[in-house]
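Please walk me through how this chain packs. Start with a pair of helices, then turn to the nonpolar cores.

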Amino acid sequence: MRKSHPVRRAVLAGAATVSGIVLLLSLKPASDPGAASAAGGAPPAAAQSPQGGRGAGSGTVTGDAAATQYGPVQVRLTVSGGKITGAEAVRAPKGGQSDRVTADAVPKLNRAAVAAGTADIDAVSGATYTSAGYRKSLQSALDKVAAASAGQDSGEGAGQGAGGGSEQGSGDGGAGQGTQVLTGDVARTQYGAVQVRVTVRGGKITGAETLQAPRGGQSDRVTADAVPKLNRAAVAAGTADIDAVSGATYTSAGYKQSLQSALDRAGG
């Protein structure tokens with residue numbers, strides 16, 4: 001075959017074309033934005049829910065898991081402007097009969113948390129342990145929101161600690177006409193510790209919550225019944241002079257003792 005044979009010329013031309021294409025592809029810059037993202041490059045900024053209610057007291061916060069006889073309960077809150085706008089149980093008892101109890105109780109507890117805005121919610125009938133665990137985790141979530149808000153709002157205000165020191169009198173900038181959140185001393189009772197936190201605005205109790213209360217066995221039922229009543233009584237009375245709840249004498253006595261110590265910090 002001669003060098004000038006047309007078939008040979010076609011083969012050589014095709015080889016040259018392929019070589020050129022390969023060369024061009026090897027020189028193409030790796031600028032595909034999708035590739036950069038997949039390789040771990042900085043993705044576009046995503047909207048994030050601030051934990052702990054920073055700023056105006058908005059975001060999501062998850063309470064501590066509360067152990068119960070039938071399994072842990074853990075609550076996550078959505079807070080906007082310092083107010084609960086959503087609640088969900090990210091953990092709840094499951095398996096066997098617990099599935100039915102959880103399916104019935106958790107939605108009711110979620111709605112109650114949003115409606116009340118505090119952990120002072122009634123237990124769901126037939127779900128005493130789940131309700132108690134829910135309230136405990138809910139309270140821990142609220143404590144985290146309050147702590148974050150206090151950390152931001154305290155600024156120059158002295159004596160704004162959760163259970164500390166004396167508050168300044170009315171008209172003194174930070175604490176005066178504002179809101180004081182005061183935690184009482186832990187009161188020891190025959191069945192366990194009781195500790196109360198109150199919210200005081202303008203010298204008046206506007207909210208009361210129980211941080212610690214007897215638990216375990218029969219105490220769970222007594223606590224679930226007595227604590228909401230005691231919280232409501234403290235707000236209604238505005239003092240620690242409240243009646244004991246029937247069947248919860250020791251818990252009531254411890255509650256009043258802790259409540260009084262909190263009020264003492266607010267100047268009575």
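**Helix pair and cores**

The model is predicted: local features need pLDDT of at least 70, side-chain atom pairs count only at pLDDT 80 or more, and totals for chains, interfaces and linings use all residues. Residues are numbered from 1 along each chain as its sequence is written, and side-chain values use heavy atoms, without hydrogens and water.

The axes of α5 (residues 218-237) and α6 (residues 249-265) cross at roughly 40° and come within 11 Å. Axes here are lines fitted to C-alpha atoms over the stretch in contact, with angles from 0 to 180 degrees between N-to-C directions. On the α5 side, Leu-230, Asn-231 and Ala-234 meet Thr-251, Ser-252, Tyr-255 and Leu-259 of α6; contact means heavy atoms within 4.5 Å. These residues divide into 4 nonpolar, 3 polar and no charged.

Now the cores. The largest nonpolar core holds 20 residues. A core joins buried residues (under 20% relative accessible area, 1.4 Å probe, protein chains only) through side-chain atoms within 4.5 Å. Leu-77, Leu-109, Tyr-134, Leu-138 and Leu-142 touch the most other members. Two or more residues each come from β2 (74-80), β3 (83-91), α3 (97-116) and α4 (128-153). Helix α4 gives the most, with 5 residues.

Take Leu-142. Beyond its neighbours within four places in sequence, Leu-142 contacts Leu-77, Ile-84, Gly-117, Thr-118 and Ala-119.

A second, separate core has 19 residues, including Val-198, Val-222, Tyr-255 and Leu-263. Tyr-255 also belongs to the α5 and α6 contact.

Key
Helices (H or I, at least four residues) and strands (E, at least two) are DSSP runs, numbered from the N terminus. Ala, Val, Leu, Ile, Met, Phe, Trp, Tyr, Cys and Pro count as nonpolar, Asp, Glu, Lys and Arg as charged, and the others, Gly among them, as polar. Buried means under 20% relative accessible area, exposed over 50%, partly exposed in between (1.4 Å probe, protein chains only).
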